[in-house]
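Subject: The structure I promised you

Hi there,

Here is the structure we talked about, with my notes below it.

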Amino acid sequence: MSSPNFVIPKTQHAAIVESTGAPLKIKSDHPVKQPADLLPGECLVRLDCSGVCHTDLHAAKGDWPIKAKLPLIGGHEGVGIVVAIGAHTQGSPVKLGERVGIKWLAYSCLDCEMCRKGLEQSCLNGQYSGFSVDGTFSQYVVSWVSHVTPIPENLPSTEAASILCAGVTVYRALKNSNTHIGDWVVLPGAGGGLGHLAVQYASAMGLRVVAIDTGAEKRDLCLKLGAEVFIDFRETKDLVKDIKAATDGLGPHAAVVTAATSQAYKQAIDYLRMGGTLVVVGLPAKASLDADIFFTVTKSINIVGSYVGNRQDAREALDIASRGKVKCFYVVKPLSALAETYEGLEQGTVVGRVVLNMQN
Ligand SMILES: [Zn+2]
Ligand SMILES: [Zn+2]
């Protein structure tokens, strides 16, 4: 069934990667899956916008041990309206006309051990938006009613977009950090896309934030967003010493590391408090975790991998944002700006997030 309020076109604009590492092609005649062709459980979403994530660049370049489908439409921070639901879909949690989000985890079976334990992002039968199935760099996307995320009414689509990946990822990582209200958390890269959201979620959770980044602009941003201490990694002579000095001399209770360099992980083992937790986030192309075994053992350090979040994490992360506790810094650009955005991500010149407007 499809919404009477929308005319669903036969074709659409979409950004397509035809082969690994090939330049992006913006097509204006990419087919739209028609409502009659949707399978039970599938829905068609007319996208308002989509955030751009570093993961999209890794997928397009074939950086990881697991390869994306080809040809590929990337994107996994999409927000739009459900305009059609497959016939014979039973008990859909979303309705026609409802605004929903598309996140990295597009589908999970809800029945394997991982799914039953709430770890559906590691489902044995998972599908991933903009990786194993086409994503949100298009005007229409096919997804699953059981996995699209309802967007709170008062949260504009462009503000919700980057919460769906960057926000959920750092929120879940903080939940995995074994911290309690009043504990210290160190956030390397705190002025970046993930980092600036992590500062806000951590503050909302009652944690005390030590932000690590560089430059006056990022310092001001981090302090404004709730960090108690800012350490400029280019100015400090001894980062580990400065972090310890800022956190009662004992070091922080947790570090949430989104950086792609092994150096950041190595340092975390040095500065963490006894019994502290290192949360490993982000999916760099090629990097390994070089933890000092002696100090990991004698300091009783917990090392925890944290991979995006489940459906409940997504709802919670959006709810916190809708109540004004977390705001993403972003600029809105047209779909045609995707290639230059990838270049910017590669050079590290993108401040905050880029959100693409999908309807013009
Ligand atoms: Zn992402
Ligand atoms: Zn499963």
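For the helix angles that follow, axes are lines fitted to C-alpha atoms, for helices over the stretch in contact, and the angles run from 0 to 180 degrees between N-to-C directions. Please keep in mind that this is a predicted model.

Let me begin with helix H4, residues 163-175. The axes of H4 and H10 cross at roughly 100 degrees and come within 9 Å of each other. Since angles from 65 to 115 degrees count as roughly perpendicular, H4 is therefore roughly perpendicular to H10. On the H4 side, the contact is made by Ile163, Leu164, Gly167, Val168, Tyr171 and Arg172. H10 brings Asp313, Ala314, Glu316, Ala317, Leu318 and Ala321 to this contact. Sorted by class, the contact of H4 with H10 has eight nonpolar residues, one polar and three charged.

H4 also packs against helix H5, residues 193-204, with axes that come within 9 Å and cross at roughly 50 degrees. That angle is why H4 counts as oblique to H5. The crossing of H4 and H5 is right-handed. Here the H4 residues are Ala166, Gly167, Thr169, Val170, Tyr171 and Leu174, while H5 contributes Gly193, Leu194, Leu197, Ala198, Tyr201 and Ala202. By class, the contact of H4 with H5 divides into nine nonpolar and three polar residues, with no charged ones. Gly167 and Tyr171 are listed in the contact with H10 and also in the contact with H5.

Next, a loop residue that I would like you to look at: Val308. Where is Val308 placed? Val308 sits in the loop between strand S15 (302-305) and helix H10 (311-322). Is Val308 buried or exposed? Val308 counts as buried because it has 25 C-beta neighbours inside 10 Å, and 20 or more are needed for that. Val308 and Val168 are 140 residues apart along the chain, yet their C-alpha atoms are separated by 6.1 Å. Leaving aside neighbours within four places in sequence, Val308 is in contact with Trp104, Leu105, Gln121, Cys165, Val168, Thr169 and Arg172.

On to the domains. The chain is divided into domain 1 (11-151 + 329-357) and domain 2 (167-305). Their C-alpha centres lie 29 Å apart. How many residues of each domain are in contact with the other? Eight residues of domain 1 are in contact with five of domain 2. The side of domain 1 that touches domain 2 has two nonpolar, three polar and three charged residues.

Finally, some backbone details to check on your screen:

- Leu70 and Pro71 are joined by a cis peptide bond, with omega about -15 degrees. Pro71 is found in the loop between helix H1 (54-61) and strand S4 (78-85).
- His88 is not a glycine, but its phi is positive, at about 70 degrees. His88 lies in the loop between S4 and strand S5 (99-102), and it counts as exposed because it has 9 C-beta neighbours inside 10 Å.
- Leu110, another residue other than glycine, has a positive phi near 65 degrees. Leu110 belongs to the loop between strand S6 (105-107) and helix H2 (113-116). With 13 C-beta neighbours inside 10 Å, Leu110 counts as partly exposed.

Best wishes

Conventions
Residues numbered from 1 in each chain as written. Chains lettered and ligands numbered in written order. Predicted model: local features only at pLDDT ≥ 70, side-chain atom pairs only at ≥ 80, totals over all residues. Helix = DSSP H or I, 4+ residues; strand = E, 2+ residues; numbered from the N terminus. Parallel < 35°, antiparallel > 145°, perpendicular 65-115°, else oblique. Left-handed = near helix turned anticlockwise from the far one by under 90°. Contact = placed C-beta atoms within 7 Å. Nonpolar A, V, L, I, M, F, W, Y, C, P; charged D, E, K, R; others polar. Buried ≥ 20, exposed ≤ 12 C-beta atoms within 10 Å, placed from the backbone. Domains from an automatic or database assignment.
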